[in-house]
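Reader: I have a model open on my screen and would like to learn how to read it. Could you walk me through it?

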Amino acid sequence: ALNVDKLDAENIGAIFPNPVNNIIHFPVNLNSSGDLSFKIYDLYGKLVLEREDYFSKGNHMILIPAELSNGQYILSVEQGDKRIGTQNFTVIK
């Protein structure tokens, strides 16, 4: 059964494949259009990759090249000053 409340909420879905080889894929559901910021941190909290782009309202599949060394990372997705979600992932090349 579909969880209607969840569909109405802005969120990011699970990163796949995880571990990541060369491209990070994840779905994003937006209630409003605007610039999205994608920030990737290492486990020490250091920002290692940042992308920003404009997205319209609705569902999107985001693809980010994983220009990262092997290891564990945290993805944070923000719209303005609001964090939409975070995901942990591993890069193995």
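Author: Happy to; we will go from the whole chain to its strands and then to single residues. This is a predicted model, so to speak of local features we need pLDDT of at least 70, and side-chain atom pairs count only at pLDDT 80 or more, while totals for chains, interfaces and linings use all residues. Residues are numbered from 1 along each chain as its sequence is written, and side-chain values use heavy atoms, with hydrogens and water left out.

Reader: What does the secondary structure of the protein chain come to?

Author: Helices (H or I, at least four residues) and strands (E, at least two) are DSSP runs, numbered from the N terminus. Here there are 1 helix and 7 strands, and their order from the N terminus is α-β-β-β-β-β-β-β.

Reader: How does the radius of gyration of the protein chain agree with that of a compact globule?

Author: The radius is taken over C-alpha atoms, and the globule rule is 2.2 Å times the number of residues to the power 0.38. For 93 residues a compact globule would come near 12 Å, and the 13 Å of this protein chain agrees with that. Its C-alpha trace spans about 35 × 30 × 20 Å along the principal axes.

Reader: And what share of the residues is buried?

Author: Buried means under 20% relative accessible area, exposed over 50%, and partly exposed in between (1.4 Å probe, protein chains only). By that rule, 38% of the 93 residues in the protein chain are buried. As for contacts, meaning heavy atoms within 4.5 Å, 52% of those with a separation of 6 or more link residues 24 or more positions apart.

Reader: Now the sheet: in what order do its strands stand?

Author: Two strands pair if DSSP finds at least two bridges between them. The order in this open sheet of 3 strands is β1-β2-β5, with antiparallel pairing. β1 (11–12) and β5 (58–65) are the edges; each has a single partner strand, so one side of each is left without a neighbour in the sheet.

Reader: How many bridges join β2 to β5?

Author: There are 8 bridges between these antiparallel strands, and L30 stands opposite G58 in β5. On the other pairing, β1 and β2 (residues 23–30) are antiparallel over 2 bridges. There, I12 is opposite V28 in β2, and N11 is opposite N29 in β2.

Reader: Which residues does I23 touch, beyond those up to four places away in sequence?

Author: I23 lies in strand β2 and touches F16, P17, L63, I64, P65 and A66. I23 and I64 are 41 residues apart in sequence, yet 5.6 Å apart in space, C-alpha to C-alpha. Its relative accessible area is 30%, so I23 is partly exposed.

Reader: Where is N31 found?

Author: N31 sits in the loop between β2 and β3 (34–42). N31 is partly exposed too, with a relative accessible area of 38%. Its C-alpha atom is 6.4 Å from that of G58, 27 residues apart along the chain.

Reader: What kind of peptide bond joins F16 and P17?

Author: Most peptide bonds are trans. The bond between F16 and P17 is cis, with omega about -15°, and P17 is found in the loop between β1 and β2. Another cis bond joins N18 and P19, with omega about 15°; P19 is also in the loop between β1 and β2.
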